[in-house]
Amino acid sequence: MNEYLELLKNDHHQFDQGKLEDFLGVEPMEPIALWLKEAIEKNVHEPNAISVSTFGEDGFPISRIVYVKDLMEAGLVFYTNYLSAKGKAIERNPNVHILIFWPELERQISIKGHAEKVPSEMSDAYFESRPWGSKIGAWASHQSETLDSRKELEDRVHEYAEKFPDDVPRPDHWGGYLVRPVEVEFWQGRKSRLHDRIVYRKSESSWEIFRRNP
Ligand SMILES: Cc1cc2nc3c(=O)[nH]c(=O)nc-3n(C[C@H](O)[C@H](O)[C@H](O)COP(=O)(O)O)c2cc1C
């Protein structure tokens with residue numbers, strides 16, 4: 001066995017950055033916002049990178065990282081190509097799972113939710129704020145489709161750069177998804193793997209709150 005693989009078995013790392021004793025309010029979006037703010041304040045790497053999982057037509061779940069770009073009372077917003085694999089998956093089945101891990105804070109948030117497109121004005125406003133090159137990229141990339149060569153992509157970039165030398169309109173197939181949580185688990189690492197897990201589960205008009213064993 002290679003020595004570096006032996007290192008994976010070392011189980012002596014202790015989590016001890018924090019605890020979840022008194023919890024965090026009657027609904028989950030506020031603590032999500034608080035944890036994101038703390039991740040940003042603590043300068044963690046890529047604080048707004050989240051994993052989003054959807055179901056493919058073949059029944060396999062697929063995960064990918066996206067950036068969460070807005071937090072609203074209703075949920076979390078990310079932007080993408082609506083014709084991408086994830087976009088098509090969401091149109092077929094809006095049930096998604098989001099996972100966020102902030103190693104420096106020893107925190108994980110796990111979210112089950114329903115995804116829906118945000119209003120077009122909201123996508124317009126965010127698209128408008130992006131750099132010119134990213135806007136051109138949104139036209140040029142047929143996200144998730146097979147690409148025969150890098151050149152094919154670069155040719156399309158040139159084509160759209162000539163077409164839109166200044167203002168770039170938002171493509172209809174590019175915009176935001178709002179994920180409305182139905183269950184959120186806040187996980188805080190503790191000593192001896194006795195972690196805290198606090199769950200918010202949506203019931204008719206409020207949130208049921210309970211703990212899970214670590
Ligand atoms: C740090 C990071 C941030 C990313 N942010 C986004 C994003 O905000 N939107 C997006 O569509 N893809 C983003 N991507 C690319 C996705 O992970 C993925 O490759 C792409 O969206 C295609 O996914 P799909 O084919 O499963 O639809 C990001 C990747 C990384 C590693």
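A residue is taken as buried if 20 or more other C-beta atoms lie within 10 Å of its own, as exposed if 12 or fewer do, and as partly exposed in between, with C-beta atoms placed from the backbone. The structure is a predicted model, in which local features need pLDDT of at least 70 and side-chain atom pairs count only at pLDDT 80 or more, whereas totals for chains, interfaces and linings use all residues. Residues are numbered from 1 along each chain as its sequence is written.

The chain contains six helices and eight strands, these elements being DSSP runs numbered from the N terminus (helices, H or I, of at least four residues; strands, E, of at least two). Their order along the sequence is α-α-β-β-β-α-β-β-α-α-α-β-β-β. The C-alpha trace spans about 60 × 55 × 40 Å along its principal axes, and 23% of the 214 residues count as buried. Among contacts in the chain with a separation of 6 or more, 62% join residues 24 or more positions apart, a contact being a pair of residues whose C-beta atoms, placed from the backbone, lie within 7 Å.

Strands are said to pair if DSSP finds at least two bridges between them. E1 pairs with E2 in the antiparallel sense over seven bridges, and within this pairing Thr54 has Ile62 of E2 as its bridge partner. Five residues lie between the strands in the hairpin of E1 and E2, where Gly59 takes a positive phi near 90 degrees. E1 also pairs in the antiparallel sense with strand E4 (residues 95–102), over three bridges, and Ser53 stands opposite His97 of E4.

E2 provides the largest share of the shell, five residues. The shell divides into eight nonpolar, five polar and three charged residues. Of the 16 residues around the ligand, Thr80, Ser84, Ala85, Lys86 and Ser144 come nearest; a residue is near a molecule or strand if its C-beta atom, placed from the backbone, lies within 6 Å of it. For this division, Ala, Val, Leu, Ile, Met, Phe, Trp, Tyr, Cys and Pro count as nonpolar, Asp, Glu, Lys and Arg as charged, and the others, Gly among them, as polar.

Terms used. Contact = placed C-beta atoms within 7 Å.
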